[in-house]
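Subject: Structure handover

Hello,

Here is the structure for your files. My notes on it follow below.

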Amino acid sequence: MRLIVLVGTVTGTAQYVAEEIELGFSSPTLAIETHLMDGLDASVFSSDALYLVCTSTYGQGDVPDNARGLFNVLERERPDLSAMRYGLIGLGDRTYHDTFCFGGKRFDGLLQALGAQRIGAPMWHDAASGGLAEDAAGPWMRDWLAALADQNRLENRSDNMRSSLTP
Ligand SMILES: Cc1cc2nc3c(=O)[nH]c(=O)nc-3n(C[C@H](O)[C@H](O)[C@H](O)COP(=O)(O)O)c2cc1C
């Protein structure tokens with residue numbers, strides 16, 4: 001399986017999180033690649049990969065500058081992402097209580113509007129909590145992989161049922 005981590009960041013925290021995930025969870029059965037979102041467009045989404053969107057929040061609850069191009073192109077072109085499965089890591093700071101983690105929340109809403117399916121609950125990290133986002137990422141990733149395995153099992157079971165009912 002291929003897992004592509006898409007990083008939206010200004011000061012690098014989201015990139016540390018992605019590196020932690022890539023280093024800690026790459027295996028012979030899970031090839032993890034990290035890509036900064038700079039310069040990406042909808043062609044980054046391929047039906048044979050899984051995705052983690054890992055992004056912080058800036059301005060008035062906006063996506064970071066390096067994620068804006070990808071976000072805008074998805075909003076404008078509205079590609080069909082119904083084959084896409086993804087997880088979401090949103091970084092923010094509760095001091096900005098009206099826009100907490102809105103960068104991640106905006107991506108989540110847009111991807112779902114384009115038909116993509118989110119696996120598991122997002123990770124929301126609060127920089128004001130004192131805990132490091134990269135430390136929270138490992139336990140969250142273990143839960144995410146478990147949610148993915150559950151979903152794969154369910155899909156295999158319904159595929160098997162369908163094929164056993166096909167004459
Ligand atoms: C100028 C500025 C604006 C920010 N605006 C928000 C915001 O609206 N909502 C939020 O939850 N966090 C906001 N943050 C907090 C960052 O998203 C948070 O510190 C994050 O961990 C930074 O991640 P990065 O290093 O990957 O960019 C803001 C931070 C700065 C410096």
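In what order do the elements of the protein run from the N terminus on? The order is β-α-β-β-α-β-α-β-β-α, which comes to four helices and six strands. Helices here are DSSP runs of H or I with at least four residues, strands are runs of E with at least two, and both are numbered from the N terminus.

Two notes on the source. This is a predicted model, in which local features need pLDDT of at least 70 and side-chain atom pairs count only at pLDDT 80 or more, while totals for chains, interfaces and linings use all residues. Residues are numbered from 1 along each chain as its sequence is written.

Overall dimensions

The C-alpha atoms of the protein fill a box of roughly 60 × 35 × 30 Å along the principal axes.

Ligand shell

There are 20 residues around the ligand, and Thr9, Thr11, Thr13, Ser56 and Gly92 come nearest (near means a C-beta atom, placed from the backbone, within 6 Å). By class, the shell has 10 nonpolar, nine polar and one charged residue (nonpolar: Ala, Val, Leu, Ile, Met, Phe, Trp, Tyr, Cys and Pro; charged: Asp, Glu, Lys and Arg; polar: the others, Gly among them). Both α1 (13–25) and β4 (85–92) supply at least two residues of this shell.

Helix packing

α1 also packs against helix α4 (residues 133–165), at an angle of about 40 degrees and with the axes 9 Å apart (axes are lines fitted to C-alpha atoms, for helices over the stretch in contact; angles run from 0 to 180 degrees between N-to-C directions). That makes α1 oblique to α4 (under 35 degrees is roughly parallel, over 145 roughly antiparallel, 65 to 115 roughly perpendicular, the rest oblique). On the α1 side the contact includes Thr13, Tyr16 and Phe25, and on the α4 side Ala133 and Met141 (contact: C-beta atoms, placed from the backbone, within 7 Å). The residues of this contact divide into seven nonpolar, three polar and two charged.

The axes of helix α2 (residues 65–77) and helix α3 (residues 102–113) come within 11 Å and cross at roughly 30 degrees, and the two helices are therefore roughly parallel. Phe71, Leu74 and Glu75 of α2 meet Arg106, Phe107 and Leu110 of α3. That contact has four nonpolar, no polar and two charged residues.

Regards

Conventions. Two residues are in contact if their C-beta atoms, placed from the backbone, lie within 7 Å.
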